[in-house]
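The sequence and the structure come first.

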Amino acid sequence: MKDIDPFDDRPRGPVLSVRFGIALLLIALGIAWIVYYYVAVRPDPTVLDATPGSPAFMADLVRWNYVIGFGLFFLGLAVAAHPSTPLGRGRGVVVGMLGCFVLGLLWICTFYVLADGTLNDVPILNDLQQSNLFVGIAFMAVGFAYATRWE
């Protein structure tokens, strides 16, 4: 068992804070927004005269739904980089930073590997097409937000 260092005066906050709760809520809202748009609202591109689902405002936004969903998701990750959250201090910073870097790299590599024709079979990636690069780079940008907290 590891002994507690009496000279270690780094601040240790609670595991669950209000900021962390907000971050988790933003991440969940972003994922839910993208999934709901893709499953319920988006018109089926394989049907010639497909009608979009409801709500109408979401159908009118078309691809902006992905900007809203991923924006909420990345905002939640960035909010979680604050020192008052578990991901913003100690080892959580390294986990958040490396996790975002690796996810961004995997997102871009997956796009490039599947871009030869099988990309149409992968949900969400098929709608984003070249915008998949922005998603991968955004993951890496959030990773840099964690990197600024690394000590």
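## Terms and basis

Helix axes are lines fitted to C-alpha atoms over the stretch in contact, and angles run from 0 to 180 degrees between N-to-C directions. Helices are DSSP runs (H or I, at least four residues), numbered from the N terminus.

The model is predicted: local features need pLDDT of at least 70, side-chain atom pairs count only at pLDDT 80 or more, and totals for chains, interfaces and linings use all residues. Residues are numbered from 1 along each chain as its sequence is written, and side-chain values use heavy atoms, with hydrogens and water left out.

## Helices α4 and α6

Helix α4 (residues 91-114) packs on α6 at an angle of about 165 degrees, and their axes are 8 Å apart. α4 is therefore roughly antiparallel to α6; angles over 145 degrees count as such, and those under 35 as roughly parallel. The crossing of α4 and α6 is left-handed, a term for a near helix turned anticlockwise from the far one by less than a right angle, with right-handed used if clockwise.

Contact means heavy atoms within 4.5 Å. On α4 the residues making the contact with α6 include Val-93, Gly-96, Cys-100, Trp-107 and Phe-111, and on α6 they include Asn-132, Gly-136, Phe-139, Gly-143 and Ala-147. By class, the contact of α4 with α6 holds 19 nonpolar, five polar and no charged residues. Ala, Val, Leu, Ile, Met, Phe, Trp, Tyr, Cys and Pro count as nonpolar, Asp, Glu, Lys and Arg as charged, and the others, Gly among them, as polar.

## Helices α1 and α3

Helix α1 (residues 18-41) and α3 have axes that come within 7 Å and cross at roughly 160 degrees. The two helices, α1 and α3, are therefore roughly antiparallel to each other, and their crossing is left-handed.

Among the residues in this contact are Arg-19, Leu-26, Gly-30, Trp-33 and Tyr-37 of α1, and Asn-65, Gly-69, Leu-72, Gly-76 and Val-79 of α3. The contact of α1 with α3 divides into 17 nonpolar, four polar and one charged residues.

## Helices α3 and α6

The axes of α3 and α6 cross at roughly 15 degrees and come within 9 Å, which means that α3 is roughly parallel to α6. The crossing of α3 and α6 is right-handed.

From α3, Phe-70, Phe-73, Phe-74, Leu-77 and Ala-78 meet Val-135, Ala-138, Phe-139, Val-142 and Tyr-146 of α6. This contact of α3 with α6 has 10 nonpolar residues, no polar and no charged ones.

## The second largest pocket

A pocket is an open set of points on a 1 Å grid over the protein atoms alone where a 1.4 Å probe fits, with protein on both sides within 12 Å along at least five of seven lines; lining residues have an atom within 4 Å of a point. The second largest pocket has a volume of about 190 Å³, the volume being the space filled by probe spheres set on the points, which are joined across faces, edges and corners.

Both α3 (64-79) and α6 (132-147) supply at least two lining residues each, and the largest share, five residues, comes from α3. The lining includes Arg-63, Trp-64, Phe-70, Phe-74, Leu-128, Ser-131, Val-135 and Ala-138. Its classes are nine nonpolar, one polar and one charged.

## Backbone features

The peptide bond from Ser-54 to Pro-55 is cis, with omega near 10 degrees. Pro-55 sits in the loop between α1 and α2 (56-61).

Val-62 is not a glycine, yet its phi is positive, about 45 degrees. Val-62 belongs to the loop between α2 and α3.

Key
Angles under 35 degrees count as roughly parallel, over 145 as roughly antiparallel, 65 to 115 as roughly perpendicular and the rest as oblique.
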